[in-house]
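Biologist: I am new to reading protein models. Could you walk me through one, feature by feature?

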Amino acid sequence: MGAGALLGIALGAIVLLLLLVIEVKIPAFVAMLLVSFGTALAAGIPLLDIIPTMTTGMGNTLSSVMIVVGLGAMLGRLIETAGGADSLAQRFSAALGPKRVVASVTAAAFVLGIPVFFDVGFIILAPIIFGFARAAKINPLRIGLPVAGAMLTVHVALPPHPGPVAAAGITGADNGMSLLIGLPIAAVTTVIGFMAAKLFKLESVTLGESPATKPAEPVDGGTRQPLGAGTVVALILLPIVQIMIGTVGNMMLAKGSMPQKLAAVIGAAPLALLTAVIVAYLVVGHQQRWGLAKRGLVLDSALPDVAVIVFVTGAGGVFANVLVTSGIGKAFSEVLIGLHMPVILAGFLIAAALRASQGSATVAILTAAGLMAQPIADVGYSSTQVALVTLAIGFGGLGLSHINDSGFWIVTKYLGLSVKDGLRTWTVLSTIFSLTSFLLTWGVFALVS
């Protein structure tokens, strides 16, 4: 099937999906499965391969998301139910003043996002975002949107995150050089994106229920003194420190050695969050004088609220895998390569097109890096220029986060956004972050060329 036909199918699928979810009010989970099946048929995927393609997409997505979402929700629910989010927010608001709260939380998210995956970090911070918003008496989106933007920026561009590291291996970029150049670009991008988020008119946005704020059903032993701010910080930092151990060990220790393998196990996100949940179960339960029944109920109460997130995220993986298997993403990139534009611009646009067409930022970055590896080698760039082109590819995977992206559903569901409002806010803001970071990268590229 020709590239034009595939691109038309992709566009039609996305339009149909938006109509079903926004206008017809079909649940996103059902709508994405229906559109995924129809897209697979239209794109020529063999009939007997359609269901395996869909289930593979679901499995691949949930294998990396389900444990993290479940445990992260439990940790957040323990902190929230014990009054920890409000306690932390009030302490920081009193120390910094309400006007500095949003900037401070965004800066903290930027730093935390360097060693921690985007979805893990955002899920951990979600209850804290609402706590700060209550303390400062502001719309939670004023904090949540720039926090998500900051964390996603470092996730797609900076080592040690898997997408940037793997892309550097494909293009021949030096990870140290990418980090040295990319860190200030990402920081400036976050500042500009933070200022852009302040311009959003959020008064008309009605927030729905978020799993970060729904309280547990009361049972024996009510809440005593709210959980202290220091305890909350310690519980949040515990999984982050574990993940950092894995990150540093992977970079500093000999590959394949026993210490490196041990650090990798300790720093695995599921184990880090499981450790944090167990510690919080003991510490928070003891501090609040909760009985075992109360502790179990608080943990269990987190899961029904994130079930929608898990299922919708998995359906997003189904849609994404159909788009990849059908060759729609490849068709996008071939059209752009055929235009013979500057290498750094082509890398960014190919990654952005792949991101928009199939959802996964990591897949977009790796595919674009593979397509651009030979053109980069043919031009004969310096190590600095190769690092900048690789950064541009990473930033191409930053924007256009919409309904085929699992991160879109995590951000919108945790912030209580409808699909329509998510497209108006998070999709637009992620694209602003993407364009800003690329223009900064291109500007630096022009200076060193």
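Modeller: Let's start with burial. A residue is called buried under 20% relative accessible area, exposed over 50%, and partly exposed in between, using a 1.4 Å probe and protein chains only. In this predicted model, buried residues make up 54% of the 449 residues in the protein chain.

Biologist: Before we go on, what should I know about the numbering and the rules?

Modeller: Residues are numbered from 1 along each chain as its sequence is written. Because this is a predicted model, local features need pLDDT of at least 70 and side-chain atom pairs count only at pLDDT 80 or more, while totals for chains, interfaces and linings use all residues; side-chain values use heavy atoms, leaving out hydrogens and water.

Biologist: What is pLDDT, and what does the protein chain average?

Modeller: pLDDT is the predictor's confidence in each residue, from 0 to 100. The protein chain averages 81, and 88% of the residues score at least 70.

Biologist: How many helices and strands does the protein chain have?

Modeller: Both are DSSP runs numbered from the N terminus: helices are H or I with at least four residues, and strands are E with at least two. The protein chain has 19 helices and zero strands.

Biologist: And what counts as a contact?

Modeller: Contact means heavy atoms within 4.5 Å. Of the contacts in the protein chain with a separation of 6 or more, 83% are between residues 24 or more positions apart. Leaving aside neighbours within four places in sequence, T427 is in contact with L400, S401, H402, F408 and G422.

Biologist: Is T427 buried or exposed?

Modeller: T427 counts as buried, because its relative accessibility is 12%. One of its contacts, L400, is partly exposed at 33%. L400 sits in the loop between α17 and α18 (406–415). The phi of L400 is near 55°, a positive value in a residue other than glycine.

Biologist: Which other residue has a positive phi, near 60°?

Modeller: R289, again a residue other than glycine, has a phi near 60°. R289 lies in the loop between α12 (269–288) and α13 (292–326), and it counts as exposed because its relative accessibility is 63%.

Biologist: Now to aromatic rings. How is a pair of rings described?

Modeller: A pair of aromatic rings is described by the distance of the centres and the angle of the planes. Rings of Phe, Tyr and Trp (its six-membered ring) pair if their centres lie within 6.5 Å; planes under 30 degrees apart are stacked, over 60 edge-to-face, and the rest tilted. By this rule there are six aromatic pairs. F118 and F122 are stacked, because their ring centres are 6.2 Å apart and their planes are at 25°. Both lie in helix α6 (residues 118–136), four residues apart, about one turn of the helix. F118 is buried at 6% relative accessible area, and F122 is buried at 0%.

Biologist: What would an edge-to-face pair look like?

Modeller: F408 and W409 form one, with 5.2 Å centre to centre and 90° between the planes. F408 is buried at 0%, and W409 is buried at 1%. Ring pairs also link F118, F122 and W426 into a cluster.

Biologist: Which residues make the nonpolar surface patch?

Modeller: Patches are made of residues with over 30% relative accessible area and no salt bridge; like charges are joined within 9 Å, and nonpolar side chains (Val, Leu, Ile, Met, Phe, Trp, Tyr) within 5 Å. A salt bridge is a side-chain nitrogen of Lys or Arg within 4 Å of a carboxyl oxygen of Asp or Glu. Here V233, L237, V241, I245, L262 and I266 make a nonpolar patch of about 440 Å². The elements giving two or more residues to this patch are α10 (229–252) and α11 (258–266). The largest share, four residues, comes from α10.

Biologist: Thanks, now I can go back to the picture and look for each of these!

Methods: Accessible areas come from the Shrake-Rupley method with a 1.4 Å probe; for residues, only the protein chains shown count as cover.
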